[in-house]
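Hi there,

Here is the structure I promised to pass on to you. Have a look at it first, and then read my notes below.

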Amino acid sequence: MAVKVEKPPKRGGSKPLYIDLGVINLATVWFKGLKQPIAFSGRSVLADWWYWTKKIAKEQSRLARVNKARTSRRLRKLFRIRKRRFRHAVNAMVKAIVDDAAQLNISKIILGDLKGIRENNHKNGKANLMIHNFWSHTYIIQRFREKAEEYGIEVIEVDEHKTSSICPNCGSNKTVKRGRLLKCISCGVEAHRDAVGVLNIGLAQGAKLPAGAINGAM
């Protein structure tokens, strides 16, 4: 006898939530009605990842020095711990975002494609090491999809190419990057690049920015 599995009902609302995924800030979130984007800092997660990465490197060095082995029970355990701790942090963030989205009657979550993170940092050797080992594009998107499905919320990936380098206030590409900040030469607006990214993702989907969304996005 076949068992019919019913899908969760679609959310009644029509309000989308936009997310820019990153490294320093794991996620920067914005939706219509929110005056300024909200950032989920990834600094503690990064610090933890580097802590375990150093332990892994120390064990690899010991193995090479002692018996030229490439792996050991301890080394495999360290890799598992690092992976588990990162995934735990990702899961906690995803749960917080999606649970709040359900309460806000969000109908769909629009995510910037994580591939842009790798493209934007390819010249930085240390960032490259962190990004290619720290990030798991498939896992993060999968967790958003799985959690959102519990509420019948749709998850959509969109191209975020150049979203953090265009001014969301006037649309100019005459901008200057100073660390994590972006300044527009054309209109003078200055804001955090992750906030700029998520606002541009929203604009690309037809959203309208509220007054003060840019100037306060530091």
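Predicted model: local features only at pLDDT ≥ 70, side-chain atom pairs only at ≥ 80, totals over all residues.

Strand 2 (residues 25–31) runs antiparallel to strand 3 (residues 38–41), and four bridges pair them.

Next, the helices. Helix 2 covers residues 73–103, 31 residues in total, and its first and last C-alpha atoms are 45 Å apart, close to the 45 Å expected at 1.5 Å a residue. Helix 5 (residues 137–149) has 13 residues and should span 18 Å, which agrees with the 18 Å between its end C-alpha atoms. Which residues of helix 5 are buried? They are His137, Tyr139, Ile140, Ile141, Phe144, Lys147 and Ala148.

Finally, the backbone angles. Most residues other than glycine have a negative phi. Lysine 68 is not a glycine, yet its phi is positive, near 60°. You will find lysine 68 in the loop between helix 1 (43–66) and helix 2, and it counts as exposed because its relative accessibility is 74%, where the cut-off is over 50%. Asparagine 105 also has a positive phi, of about 60°. Asparagine 105 sits in the loop between helix 2 and strand 4 (106–112) and is partly exposed, with a relative accessible area of 33%.

Happy exploring!

Technical notes. Residues numbered from 1 in each chain as written. Heavy atoms only, no water. Pairing = 2+ DSSP bridges. Helix = DSSP H or I, 4+ residues; strand = E, 2+ residues; numbered from the N terminus. Expected span 1.5 Å × (residues − 1). Buried < 20%, exposed > 50% of the residue type's maximum accessible area, 1.4 Å probe, protein only.
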